[in-house]
Amino acid sequence: MRVIVLGSTGYLGSRVIKELISRNHQVLCLIRTNSNMQNLSDILDRVDTCLVEDLPQKLEQMEEKYDVFFNAACRYARADTHDAEIFEANMNVPLKTFLTCVQHGVNRHITVGTGLPDEFNVYTVSKHEFATLGKWYCNRLAMNNRNIQFLNIELENYYGKDEPKERFLPSTIEKLKRDEPIMLTEGTQKRDFVYIDDVSSILVKLIEQYPTPGYVNIPLGTGEGVAVRDVIKYLKEITNSKSELCFGAVPKRLYEPDSIADCTVLQELGLYAQYDWKTGMKFLI
């Protein structure tokens, strides 16, 4: 298969690319002029690269069409990030890339969205809006006898070894190892923690095998919900930490939801997460 990947240099995108390469697929990595290539440094000689803005010219020059556009681009809502940057990364750039791919004969499109509620924050809104546009284009093109597939992956809380240190679990583990007190919310919200190896494996299998055109939402997780406070307590236990866990020291976000994947669609395809959350957490340590 020939796969175009947006978000190729990120933690998730690079893991999916390495899985694709190991299965002998051809990959075109879309990058920016200032992209940090560290996550791809060991496979750069096995992939093709292209600046995002140069994709139209690149596809015009190709004799053979690409099969799949895979979007792993992601910008989270953080205090130091302007909303416009989030919409640009999660909606505008993916939409331009999607439309370019459609124009050049790519019929299969897979985007990594979120299992969190659509209007929870600017990140979830931006992810939802791109998926909504993908659905609209699927329906519109179907009326013109063009069968487009658009899979919106509703990804739960993924984690794994070597993930960015500023993310919640790695930063918490470092504090536990230093026996520092940790300021936390009550942590009663339940999350579906899915290990990165399961995520990348399932995504690649969806790239390879999902059979039906049209728009589909596909939740991706383990199907098991666990309270965040129980995860932190378990990490303290397996790190033998003396840290004080200050639950309730940080205000809980307004309307903080539980988020657990309904894995019915994956199970119908014979796809399952292999690692439960406790096994996965041990890999982090």
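Analyst: Axes are lines fitted to C-alpha atoms, for helices over the stretch in contact, and angles run from 0 to 180 degrees between N-to-C directions. Helices (H or I, at least four residues) and strands (E, at least two) are DSSP runs, numbered from the N terminus. The model is predicted, so local features need pLDDT of at least 70 and side-chain atom pairs count only at pLDDT 80 or more, while totals for chains, interfaces and linings use all residues. Residues are numbered from 1 along each chain as its sequence is written, and side-chain values use heavy atoms, with hydrogens and water left out.

User: How is a pair of packed helices described, and at what angle do H7 and H9 pack?

Analyst: Two packed helices are described by the angle between their axes and the distance between the axes. For H7 and H9 the angle is about 50°, and their axes are 11 Å apart. H7 is therefore oblique to H9; angles under 35 degrees count as roughly parallel, over 145 as roughly antiparallel, 65 to 115 as roughly perpendicular and the rest as oblique. On the H7 side the contact is made by Asp 230, Val 231, Tyr 234, Leu 235 and Ile 238, and on the H9 side by Trp 277, Lys 278, Met 281 and Lys 282. Contact here means heavy atoms within 4.5 Å.

User: What is the handedness of the crossing of H7 and H9?

Analyst: A crossing is left-handed if the near helix is turned anticlockwise from the far one by less than a right angle, and right-handed if clockwise. The crossing of H7 and H9 is right-handed.

User: Which residues of H5 and H7 meet?

Analyst: Phe 168, Leu 169, Thr 172, Ile 173 and Leu 176 of H5 meet Val 228, Val 231, Ile 232, Leu 235 and Lys 236 of H7. These two helices pack at an angle of about 40° with axes 10 Å apart, and they are therefore oblique to each other. Their crossing is right-handed.

User: How do H1 and H6 cross?

Analyst: The axes of H1 and H6 (residues 196-209) cross at roughly 60° and come within 9 Å. That makes H1 oblique to H6. The contact involves several residues, including Tyr 11, Leu 12 and Arg 15 of H1 and Ile 196, Asp 197 and Val 199 of H6. The crossing of H1 and H6 is right-handed.

User: Which residues of H9 are buried, and how are they placed around the axis?

Analyst: Buried means under 20% relative accessible area, exposed over 50%, partly exposed in between (1.4 Å probe, protein chains only). An α-helix has 3.6 residues a turn, so residues three or four places apart point the same way. In H9 (residues 277-284), the buried residues are Trp 277, Gly 280, Met 281 and Leu 284. They cover an arc of only 100° around the axis, which puts them on the same side of H9; the arc is that of the directions from the helix axis to the C-beta atoms. Their cover includes strand S7 (157-159), helix H5 (168-177), strand S10 (193-195), strand S12 (226-227) and helix H7 (228-238).

User: Which residue caps the N-terminal end of H9?

Analyst: A polar contact is a pair of N or O atoms within 3.5 Å; within protein, one must be able to donate a hydrogen and the other to accept it, and residues adjacent in sequence count only if both atoms are side-chain atoms. Asp 276 is the cap: one of its side-chain oxygens lies 3.0 Å from the backbone nitrogen of Lys 278.

User: Where is Tyr 195, and is it buried or exposed?

Analyst: Tyr 195 is in strand S10 and is buried, with a relative accessible area of 4%. Leaving aside residues up to four places away in sequence, Tyr 195 touches Tyr 159, Gly 160, Lys 161, Tyr 275, Gly 280 and Phe 283.

User: Where does Ser 241 lie, and what does its side chain reach?

Analyst: Ser 241 is in the loop between H7 and strand S13 (245-247). Its side chain reaches the backbone nitrogen of Ser 243 at 3.0 Å. Ser 241 is buried, with a relative accessible area of 10%.

User: What is the phi of Asn 24?

Analyst: Asn 24 has a positive phi of about 65° although it is not a glycine. Asn 24 lies in the loop between helix H1 (11-22) and strand S2 (26-31), and at 69% relative accessibility it counts as exposed.
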